[in-house]
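Open the model in your viewer and keep the selection panel at hand. The tour goes from one selection to the next.

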Amino acid sequence: QVLTASDDRTARLFNGLTGDCTRIFRGHRNAVRAAVFAPPRANRGSGGGGGLLATASDDFSAKLFEVGTGRCTWTFKGHRNNINGIDFSPCGQYVLTGSDDGTAKLFPLHASAVWTFQGHRNVVNSARFSPDGARI
């Protein structure tokens, strides 16, 4: 499967062999800058089957979607500007974002708590977990 993010305010899932669009993920009010699949551990109990994915947008929010249904199950809020990048922790319990507001934020799945990492003097284009999840 191929996952894309677009200025048309959607993320789309394509069949990697045929190129056919199989699902459209809607809900953002501005361009979607990034989209990422959740690791298998995060998908336990996901109601839509097929797992979860997350998107980052210029509407200052990130969203969590069920891959199987296209339904948005959670909106992550807290940034004051466009969100450029998004990543899942290897354990699948956290989402990490980087924003034009100069911060990175760590969100637990389905919770309003947030940890903010600041210090950049300009935009944060990307934020990632280490492969073992021990570092951000």
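Is Cys72 buried or partly exposed? Select Cys72: with a relative accessible area of 28%, this residue is partly exposed, a class between buried (under 20%) and exposed (over 50%), with a 1.4 Å probe and protein chains only.

This is a predicted model, in which local features need pLDDT of at least 70, side-chain atom pairs count only at pLDDT 80 or more, and totals for chains, interfaces and linings use all residues. Residues are numbered from 1 along each chain as its sequence is written, and side-chain values use heavy atoms, with hydrogens and water left out.

The structure has zero disulfides (pairs of cysteine sulfur atoms within 2.5 Å).

Next, show the strands (DSSP runs of E, at least two residues, numbered from the N terminus). Four of them form an open sheet in the order E8-E9-E10-E11, paired antiparallel; pairing takes at least two DSSP bridges. Strands E8 (83-88) and E11 (115-117) are at the edges with a single partner strand each, so one side of each has no neighbour in the sheet.

Select E8 and E9 (residues 94-99): five bridges join these antiparallel strands. Ile86 has Thr97 as its bridge partner in E9.

Finish at Thr103, in the loop between E9 and E10 (104-108). Thr103 is buried, at 5% relative accessibility. Its side chain makes a polar contact of 3.4 Å with that of His79 (N or O atoms within 3.5 Å; within protein, one able to donate a hydrogen and the other to accept it, and residues adjacent in sequence count only if both atoms are side-chain atoms).

Definitions and conventions
Helix = DSSP H or I, 4+ residues; strand = E, 2+ residues; numbered from the N terminus.
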